[in-house]
Amino acid sequence: MRLGVLDVGSNTVHLLVVDAHPGACPLPAHSHKAELRLTELLDADGAIGPGGTDQVIQVVHEALQAAEDKGVEELLPFATSAVRDARNSGEVLERVRAETGVELQVLTGAEEARLTFLAARRWFGWSAGKLLVVDIGGGSLEIAFGIDEEPDAVVSLPLGAGRLTGTRLPGDPPAPDDVRALRRHVRAEIGRTVGEFSRLGPPDHVVATSKTFKQLARLAGAARSTEGPYVPRELKYQSLEGWVSRLSVMTTTERAALPGVSESRAGQLVAGALVAEATMDLLGVESLEICPWALREGVILRRLDHMGPA
């Protein structure tokens, strides 16, 4: 069947259309994205204002039209941290339902981590052994660890690249004192969770998902996205450490000119790099591999599992 996953995330609203059936690899058929940056649309009280909700409704309508045009049989709509953490989350969800007919499922941080872990496990297979998966989104950081398809430990922290940029790095380039303060904050937050993973022993394989990690890996010399998803892409801590200090003194325009860095995400890259560096350092990760599959694929795989055999 042709499935559509509608992901209302902190940075983008993304419709991914795939051809899928149980027991087979989902084949991407179409992708429709709209940059929204919901974390930047929050007011001083942490609510998504009427204008922000209007934008969400508009892009959901556009995604529905794209899904219809591409022959989607079933739509799997969900929202992540920006909607989840908004003070008026319920009101936003109700307006979206009333005006588009789409009932967004709001995933918890733990659910995000588990579904992303499932996608990574299916991509790398059982031979990967004990798997540590890290994902930096616009609103949150998810970490999951385990040997099966269901992780043994998951953590979700409010350390998304968009959230941290908007609340803690106002300058362009950011002030050195703000960068140091953010570095201390990020490491303190992650440091509280390290014990939950270290008690399970060292991982056999460490992987990362998300645009942030893909861009950082590209800066460190990984293959271009045009070379396809099956080319291994690695990010070493030593390389990342050198890039953090370089990125923090660049303007957004200068970062956007770097290989692999998109203009829309260049402003968030310093915060994302600080989170990536702290995560790898505190968890003792010398290198990790980039996983092409992430949350959206995890949602699809879980749906296919529930369908049973063809």
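This is a predicted model: local features need pLDDT of at least 70, side-chain atom pairs count only at pLDDT 80 or more; totals for chains, interfaces and linings use all residues.
Residues are numbered from 1 along each chain as its sequence is written, and side-chain values use heavy atoms, with hydrogens and water left out. Local features need pLDDT of at least 70 and side-chain atom pairs count only at pLDDT 80 or more, whereas totals for chains, interfaces and linings use all residues.

Side chains of opposite charge can pair when their charged atoms come close. A salt bridge was taken as a side-chain nitrogen of Lys or Arg within 4 Å of a carboxyl oxygen of Asp or Glu. The count is 17 salt bridges.

Two of these pairs involve helix H3 (residues 89-100); helices are DSSP runs of H or I, at least four residues, numbered from the N terminus. Arg97 pairs with Glu94 at 2.6 Å, N to O. These two residues are three apart, about one turn of the helix. Arg95 pairs with Glu99 at 3.0 Å, N to O. Here the spacing is four residues, again about one helical turn. Arg97 is partly exposed at 37%, and so is Glu94 at 40%. Arg95 is partly exposed at 28%, and Glu99 is partly exposed at 41%.

A further salt bridge joins Arg187 to Asp281, with the closest N and O atoms 2.9 Å apart. This pair links distant parts of the chain: Arg187 lies in helix H6 (residues 176-191) and Asp281 in helix H11 (residues 269-282), 94 residues apart. Arg187 is buried at 16%, whereas Asp281 is partly exposed at 35%. Elsewhere, salt bridges with shared partners connect Arg84, Asp85, Glu112 and Arg163 in one network.

Conventions: Buried means under 20% relative accessible area, exposed over 50%, partly exposed in between (1.4 Å probe, protein chains only).
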